[in-house]
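This report covers a ring pair, a helix and the nonpolar cores of one model. The structure comes below, followed by the details.

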Amino acid sequence: MSQVQLIMPKMGESVAEATILKWLKNVGDKVEADESILEIATDKVDSEIPSPASGILAQRMFEEGAVVQVGTVIAVITSEAEAPVSSAPATPDNDTTAFSPSVSIKETSMSQVPSPPEKGLRDEALTILRSSNGGRFFSPLVRNIAKQEGVSAAELETIAGTGMNQRVTKNDLLNHLTKRKQQPKPAAPLAAPSPAPERREIYQPTAAPAYVPSSAENVEIVEMDRMRKLIAEHMVMSKHTSPHVTSFVEADVTNIVMWRDRMKGEFEKREKEKLTFTPLFIDAIVRAIKDFPMVNVSVDGTNIIVKKDINIGMAAALPSGNLIVPVIKKADFLNLLGLTKMVNDFASRARANRLMPDEIQGGTFTITNVGTFGNLMGTPIINQPQVAIMATGAIKKKPVVIETLNGDSIGIRSMMFLSLSYDHRVVDGALGGSFLRRVADYLEQFDINRSI
């Protein structure tokens, strides 16, 4: 009787391992092809892994909470119903299959299925440098390399991370080790060193004291989920990194509202999708970035890195209440139809936890729509290492003064507020304000006869 192996897929170029969060099927359960079997988490995104074939879940190779390398067999599915082989992980074996870029299917016998590493070894890896004194999280792979190379927690804390939320990746650590080996040992001083110049104290934020409720308080303590912890860490880091300034403009988007009202029915009938305002906002942002490219940058010490690609992150709300930011890569190469397709696809897959890690990386500018919740405006926090983020408020009809060559009049117009938070280290008020005004100008000058 044939079986197929479910392989831990490679969830992005920089992802070498994943944590099994939850098994959605028990041993002995019938599964259909493409039906979700388990939930996994990487340092970047949570995902559901589908079954590669229909059959019976015969064996689960790892328990919930296990950290599994990409390319490792995590389950076995039989093609026909039979008694399950085992409901517990198999005997340890150090051999694993080769890495695979996606879920793999292999014909095999049950005796050929490789087993997970010893539980003791997994537990040991999870306890080494899990987090530094500064609160930064380090992946199991980074912790294992650090242990083997004798890198202390204090030294690991000093390494600049290029991963999501500034986390230290394997390449960051290996580059650090290479540089450390190349550094010459300091020669012994020939004379007593001169007194060091006076140094100014640098503010170091301290952690807030732990909250301990009194017996008289009627409270409920809820532990943050994994994603909320990552968001909290990223937001605090951003505020500590960038001096935030926020500018506001009010835009007349009557033409856009009228155009969408006229086009949305035809578009949905033709494309089988909704036509929202988000791709229209992104289109205006992309055009404004071309006019003001110094908004599309990041900061590295005293260097400004100007990004030639325009990669727009769009904040999407999840059913859990958390946020995730998928990135539309090279948005300046997409027309309005292409942007609409990308926005709808990302929003749909974000809600279903089906985004890939590479799809939430590499953003150069972010947009968030606070108007979805009925808010008029907001002061968003910059998504590091970017230097600007724009919030779009709710569209409201109101009486406004309309200026014409024949005189002023009062009319009912669809108005909205745009707000831009920017890093005042590199974006001053003139640049930030001019950029935001240009976005509003493009929205107000929208061609009502435009096709899609």
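F281 is buried, at a relative accessible area of 4%; buried means under 20%, exposed over 50% and partly exposed in between, with a 1.4 Å probe and protein chains only. This is a predicted model, in which local features need pLDDT of at least 70, side-chain atom pairs count only at pLDDT 80 or more, and totals for chains, interfaces and linings use all residues. Residues are numbered from 1 along each chain as its sequence is written, and side-chain values use heavy atoms, with hydrogens and water left out.

Rings of Phe, Tyr and Trp (its six-membered ring) pair if their centres lie within 6.5 Å; planes under 30 degrees apart count as stacked, over 60 as edge-to-face and the rest as tilted. There are 3 aromatic pairs by this rule. The ring centres of F277 and F281 are 6.2 Å apart with planes at 15 degrees, so this pair is stacked.

## Helix α7

Helix α7 covers residues 278-291; helices are DSSP runs of H or I, at least four residues, numbered from the N terminus. Of its 14 residues, 11 are buried, so α7 is largely enclosed by the rest of the structure. Among them are T278, P279, D283 and I285.

## Nonpolar cores

A nonpolar core is a set of buried Ala, Val, Leu, Ile, Met, Phe, Trp, Tyr and Cys residues joined through side-chain atoms within 4.5 Å. The largest has 59 residues, and those with the most contacts inside it include I285, F365 and L418. Helix α7 gives the largest share of this core, 8 residues. A second, separate core of 25 residues includes V4, I7, F62 and V73.

Terms used
Helices (H or I, at least four residues) and strands (E, at least two) are DSSP runs, numbered from the N terminus. The expected span of a helix is 1.5 Å times one less than its number of residues.
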